[in-house]
Amino acid sequence: MSGANPFLDPARQAELYGHASRLAGRSNALMRAKTSGRQVPHTIVRLVRAHHERADKLGLVLDVGCGRGTSSLALAQQLRPQRVLGLDAAPALIEQALHRAQRLPDVPVSFLMGNFHQLPLPAQSFDVAVAAFCLYHSPQPQTVVAEMKRVLAPGGLAVLVTKGLDSYREMDQLVAAAGLDPRAEQHESLYISAHSDNLAHLAAVSLDVLAVEHEEHRFTFDGHDHVAEYLATNPKYDLAPGLYGNPGALAATLHEFLPDRPLTTKSLVTFVVAQSGGGRS
């Protein structure tokens, strides 16, 4: 799995997001390990309420790169706009989001498959546009932000969320120490395209930046078995054949080469709030 950054390699996208269970497994393992840091959708809601003058009377809200729909559902439930539209390029993730939404029939949310570089949406039609943990999948994230600006109504609000470049570096150290990937600490960050240090600049190319917030999120994995659940579908590392997608084999290798103990790691999460020109809503 060496070569181009997997988050920026079009040839890897079907592997990474062709099955919703892979993202779900990695996300669930990470969330079980979380010990500090607010839930990201709740922070997005707080920022919208703080910076949008009509936060209690929103029309359409767009969730770009919605994945399995976690943020979309939270935005719909907590902000209660006329409707939240979640958009993602992966059919499997859209299918999973639709399935999850069916369990909440009264929540105003719908989902659409599309390319975030060319949003299949009319101009100036959304009061809020959110892009959480997706811009680093684009080699040209400024194009995605420009598209968000295009579909925002004058005075509309964008909330962008990303991670720091050195997020989870303790995981890199573990993978290298176990011999799973001796070069784990030398690989380019998965977040190189849109990270905590450049997100505000990316937003400012098209939008007026109103606020920037950084928050450290900490995670403690119980031991090798828990770590392996997260590593099994993490595309960053060059794992030996038979280990990728196989948490049991990964855990066995970790147990063989390292004492089993909890692993604590952290990630810097950055929020940028920006506004489309034309006056406040």
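Me: What do buried and exposed mean here?

Reply: Buried means under 20% relative accessible area, exposed over 50%, and partly exposed in between (1.4 Å probe, protein chains only). Helices (H or I, at least four residues) and strands (E, at least two) are DSSP runs, numbered from the N terminus. This is a predicted model: local features need pLDDT of at least 70, side-chain atom pairs count only at pLDDT 80 or more, and totals for chains, interfaces and linings use all residues. Residues are numbered from 1 along each chain as its sequence is written, and side-chain values use heavy atoms, with hydrogens and water left out.

Me: Why is strand β6 largely enclosed by the rest of the structure?

Reply: Strand β6 spans residues 152–163, and eleven of its twelve residues are buried, so the rest of the structure largely encloses it.

Me: Which strands pair with β6?

Reply: Two strands pair if DSSP finds at least two bridges between them. Strand β5 (residues 126–132) runs parallel to β6, over six bridges. Ala129 has Ala158 of β6 as its bridge partner. Strand β8 (residues 263–275) pairs with β6 in the antiparallel sense, over seven bridges. There, Lys163 stands opposite Val269 of β8.

Me: Which residues of helix α7 are buried?

Reply: An α-helix has 3.6 residues a turn, so residues three or four places apart point the same way. In α7 (residues 169–177), the buried residues are Glu170, Met171, Asp172, Leu174, Val175 and Ala176. Their cover includes β7 (208–221), α9 (224–231), α10 (247–257) and β8. Just after α7, Gly179 takes a positive phi of about 80 degrees.

Notes
Contact means heavy atoms within 4.5 Å.
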